[in-house]
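Take a look at the sequence and the 3D structure below. Keep both in view as you read.

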Amino acid sequence: VMASGYSAKEEDGHHSGALGPAGGAAVRSRKPDNTAFKQQRLPAWQPILTAGTVLPAFFIIGLLFIPIGIGLYVTSNNIRELQIDYTGTESSSPCFACSQNYSWNMTTPCVCSVSFSLDQPFESNVFMYYGLSNFYQNHRRYVKSRDDSQLNGNLNSLKEPSKECEPYRTNDGKPIAPCGAIANSLFNDTLALYYNDPNGTETQIQLVKRGIAWWTDKHVKFRNPVGDDSNLTAIFQGTAKPVNWQKPVYELDSDPENNGFINEDLIVWMRTAALPTFRKLYRIIEKNSSTSPTLPRGNYTLKITYNYPVRSFEGRKRMILSTISWMGGKNPFLGIAYITVGSICFFLGVVLLIIHHKYGSRSSSADLTH
Amino acid sequence: MDFNAIRNLISRYCTGEENWVDSRTVYIGHREPPPGTEAYIPQRFPDNRIVSSKYTFWNFVPKNLFEQFRRIANFYFLIIFLVQLIIDTPTSPITSGLPLFFVITVTAIKQGYEDWLRHKADNAVNQCPVHIIQHGKVVRKQSHKLRVGDIVLVKEDETFPCDLILLSTSRDDGTCFVTTASLDGESSHKTYYAVQDTKSFNTEQELDTLRATIECEQPQPDLYKFVGRINIYQERDEPIARPLGSENVLLRGATLKNTEYVYAVAIYTGMETKMALNYQSKSQKRSAVEKSMNAFLIVYLCILLSKALINTVLKYVWQANPNRDEPWYNEKTESERQRHVLIRAFTDFLAFMVLFNYIIPVSMYVTVEMQKFLGSYFITWDEEMFDDEIGEGALVNTSDLNEELGQVEYIFTDKTGTLTENNMEFIECCVDGHVYVPHAICNGQILPGALGIDMIDSSPGPDGKEHEELFFRALCLCHTVQVKEEETVDGIKRGIHQGKGTSFYISSSPDEVALVEGMKRLGFTYLRLKDNHMEILNREDEIERFELLEVLNFDSVRRRMSVIVRSGTGELYLFCKGADSSIFPRVISGKVEQVRARVEHNAVEGLRTLCVAYKLLTFEEYQDICQLLETAKLALQERDKKLAEAYDAIERDFILLGATAVEDRLQDKAADTIESLHKAGMKVWVLTGDKMETAAATCYASKLFRRSTQILELTTKRTEEQNLHDVLFDLSRTVLRQHGSLTRDTFSGLSNEFQDYGLIIDGATLTAVMKPDQDGSTGNYKEIFLEICRNCSAVLCCRMAPLQKAQIVKLIKFSKEHPITLAIGDGANDVSMILEAHVGIGIMGKEGRQAARNSDYAIPKFKHLKKMLLVHGHYYYIRIAELVQYFFYKNVCFIFPQFLYQFFCGFSQQPLYDTAYLTLYNISFTSLPILLYSLIEQHINMDILKRDPSLYRDIAKNSLLRWRIFIYWTFLGVFDAVVFFFGAYFLFDNTTFTSNGQMFGNWTFGTLVFTVLVFTVTLKLALDTHYWTWINHFVIWGSLLFYVVFSLLWGGIIWPFLNYQRMYYVFMQMLSSGPAWLCIILLITVSLLPDVVKKVMCRALWPTTTERIQTKRKCLNVEQSTIFMLSQTSSSISF
């Protein structure tokens, strides 16, 4: 005891002594600045994740997520959706014949029709999709096989497409427009929908082909090349059509606003899908009157001009009719996930509450005795 | 210079113990010997250049590049870059080439700058002027031009420029005084002797006539060993050969004291000097964290390889069907088709490697380097580590080891100048039990001590008074102190009276100086030795003269010295002073008990005590003594033994006068620092060149040894009695018995209260322990020794040569636990251990700046070590640990979705994210928050860390980078990645989630995953942050905002320089969809949930000490927190 007292006294003496002689201006200048940052003493908020602090968060998440999830689930369930597979691999299928004898340079298109009926009417706008399965639009060789600058109307790229387009870059020495594997494999089935009135007449349903592509794609990203001539045919002079196409790009549509590179079917196709099973927007069936549903209950016929071969890679083709809510098409995933996560959080909240009560007090009392 | 290095190596390993494997002949003054005597073979020696730099101008680029690419990581990135250049890969070579180039350049610039500084320091040393005798004249030369054989003139207080043989001095007796403080830490003045036959060559002209050669061994690092011979040629005579020993050698780095000038001849120069040989080559130190990082890196490399391999194999399995390999819509080019399948497979493998290579990010190395470099500024900026006395703060020489400061297990400290101030001070004396404490301010006033013993009779009677004065006189007379006069104009008396500046005492023992100075303060001033009379100025300002008849010099066996003097009145006195153990048995009267009690009390305080005794001699007795000494001195055989016997016969039957206490003042707060370090679980060893008694006293004073510590001695004294083998086994048995009982009780957590051991070992014994045994059982003694050391709380190694210090450090460093070692010292003698230890700390001491220059960190005082380790080290460690783990985590999160995506894109190496995201993810979106975290995170307040050293144990043994924790982080990353990917997958699963029915493509998919990823990893860091300053808020929220702004911009324009526009409006379209928002929120929540739950559970159920203290502080500071918030807001406004 004496020893420690002695040394403490000694140290104090030294300390004050050491401070005494110093203090010249020159010495002071080398002294580090006494700023909060340099001394690591910035004022700070020091939160700690303890059971107590996290508890309310868990309950809040639980209470928020469960209603959201229920809302999403209900919305998803209210969406009408109808899928029709018309691949035609089964012999019973109406498109069996078309799918079997297929060649790219067929002169007469093969047409088949599939009948179906709607049990419930489709209210509001109905969106018609075509769906492909086992089609790897996200394959790297495929994804990069395009020339965005050609599609943007660049005349140089029109004549001299990017190397990335190989082997769909040139045909017979002429540059292909639009070049690349994506454009080359443009989906070219034609789908038409007929409503079979109970009185026997068959009325074709108006399919809108505008507004299926992103507005920005249609107006900015995709542009027709502009030459001296306003005629598209003249501008595309000297280019070849993609090998698998039946018509050149400047004959895709009669409407000049939907022809050439700004053809919306082309634009939709050019946006490569994320997964091998995908759907793409084909047409929109707009709601005409406020009184009758867009697609009333009844029988329908889908007439398909069957051009697109998928049998070789075991693909499937579908036609999908769907209504859309604010959250898009039918997808129960989000709703279920929200409900699950909300419940788990709530449950964890309860568990933490128990732990907090049982151990929280214990550990803090242990500290005090320590 | 390389030639030199090899030569050094060879000479270092070849010069064996005593034998001259190789010798060199030095021609003094480069004059060839007279013809016929010997062939003149001029040998080539290196010049006196000191080289500590690593590169030259020419070899910098290749050598530096080579060294940089030796790092696994850099080499790996180089390979990736080359692969990207050569083959068609999913990402462009710029994405890895640019960062790599940046890293390499920055590192090269940094290392180049450091080397340039070293060049500058070398130049400063190499160009300082030296005086050389050439053709009878003094010539000034630059130090590096000095050559072996040059005769050098060194003046007082100059440092020797190389190793020299002393030829002559300004003193008549051919001696000079030298302090080797910067070499071995002994600050006392040592006497060196000129060669007898040359000491008369006292001027330049005379020296020019000297013809002599020196034959000596090739340089070797042992400071205390030298064997050589000088041959002096005279006209026509046979040359005279004289042996040379270490007493003739002046070593580079030592300083000439109290001698006007000396002439000496250079024998070892430049990198061959003993000082340079005692340096260890600067090898790059790697911290434990870096080692773990490399281990993790290898794991990730394996993961990467296996990922690439799995994908390649699966790709070819999947592609076995030609319609999958090459469907009609996606044909290959002709050249691709013709490539051999093996080449294709190999290219695919490499392409997968490139695709996943981000899992080992270049940016981690950049961030770690930046963190270390910038972080080290906090050490230099620390005001608490600034010393007003020397006007300097801490210095950081290598920032690579910051985090190692938090991992130290063993501390090796020097004593002199590190633990102690390196100046002795007279504290008190005790005469017959009365304690006298001189006071610096009231000079000479006697202050009776207030402590117990002297109160027995507080007023000394006339008899006491007489004793008291005799005691003071004894101390004024019984010493070998010399008075050093400086330009004495009119008398020494005035000079001494006026104190410092004009004259002062010097001696080979600083204790004696302290004692004589202490006497001066008590009123008795020793003036000088003149004509064999010692003059003392007594209290009444009268000069008393004593004739000095005999001096019985001090030696370490007797541990005492005596003088015989005749007073003015003709009485003959024998005064003796010495260690208590050697005085008390020889005392026949005096107040032995009181004095002994006081001596013991002082020893416990860590003071160096001496006892003083006297006896009156009759003339007859004196004559007998003279006779005795004379015969002993003249003895031809066993002179030492006979002298010892004579001394023994003379020094007996004393009357005890009293005792003195001298303190080698400990550095400020040294004891407190050592105590804290002990509490933090570190073992402190003292390694000193000093002698055992002194060192042991310091250890007691600095609380290294406590009163309860049982001291185990492993010294030459003991091994002489018993052989080494037995001593070692004895000690280990003692220790292990204790250890057995200790393990039983460690669970009770009271291990501190147990009997602890302290070990004292000296240099000679250490050599014996370390020496490989003849019968091959090399490690045997070493192992036992280590076992003993492990169980000792403190170890003192005395009488250590510099290289031995390094050896000890090395021994511990490579013992089986591979503990992290730290060496701290202030002198050149500590440099080798500073370089050897994992972390070397230099004290900016009085003995030059060599240690500070060679250290990794330099601090002004020993006490600063506490903050350095407990606060800075701790912070750096937790910061870098989180940095490393987090980096691997965020890159698993980043890359694992890409891996999963391969299963859905036909294993085609399609990247999930856009190139911009791939490149910028590590560089800008997630780099700043972690960098900032790793700079300013404080999980616990600084003051708590300092107050509670035991927190240091929480991070011991690299605890935050253990495999368990690493695996946890990795799995967390994998889990998060799975959540991101499949969350997005199910959202995209064959449906639309826009309100206008339009579809999203693969880039939207990737962007969704990426957005969740960026938010999750940033928020994960936010959850880990315990110290939210305004900068943290700014950086964390800022980088999230930056990501959003960047994405808006990146997708907002058709970028003319890009050949693809795949990101055009992708991000905005995604944000326009409600479900995308909901999905992002959901996925972030799910990803963060398990980590939060784990943290909260662990804290509640199995809290660590750190967590307990955090929680406790929170409980106590509930009320303060509001104040905190207020101050925070006010400060953020002021910023």
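This report covers one chain as a whole, then some annotated spans, then a single residue.

## Chain A overall

The model is predicted. Chain A has 370 residues, and 50% of them are buried. Its secondary structure comprises 12 helices and 10 strands.

Take the contacts in chain A between residues at least 6 apart in sequence. Of these, 78% join residues at least 24 apart. Chain A exposes about 17000 Å² of surface. Carbon and sulfur atoms supply 56% of that area.

## Annotated spans in chain B

An unreviewed UniProt entry carries the annotation "transmembrane region" for parts of chain B.

Residues 966-988 of chain B are 100% helix and 0% strand. The end C-alpha atoms of residues 966-988 are 33 Å apart. Residues 1000-1022 of chain B are 91% helix and 0% strand. Here the end C-alpha atoms lie 32 Å apart.

## A closer look at B:Asp856

Where does B:Asp856 sit in chain B? Its place is the loop between helix 29 (850-854) and strand 34 (857-859). B:Asp856 has a relative accessible area of 6%, so it counts as buried, the cut-off being under 20%.

The side chain of B:Asp856 has two partners to find in the structure. One is the side chain of B:Thr398, in a polar contact at 3.1 Å. The other is the backbone nitrogen of B:Gly840, reached at 2.7 Å. Beyond its neighbours within four places in sequence, B:Asp856 also has contacts that include B:Lys285, B:Leu395, B:Leu401 and B:His838.

Methods
Residues numbered from 1 in each chain as written. Chains lettered and ligands numbered in written order. Predicted model: local features only at pLDDT ≥ 70, side-chain atom pairs only at ≥ 80, totals over all residues. Heavy atoms only, no water. Helix = DSSP H or I, 4+ residues; strand = E, 2+ residues; numbered from the N terminus. Buried < 20%, exposed > 50% of the residue type's maximum accessible area, 1.4 Å probe, protein only. Contact = heavy atoms within 4.5 Å. Areas by Shrake-Rupley, 256 points an atom, 1.4 Å probe, with all protein chains shown as cover. UniProt positions renumbered as here; feature names shortened; annotations may be inferred. Polar contact = N/O pair within 3.5 Å; in protein donor to acceptor, adjacent residues only side chain to side chain.
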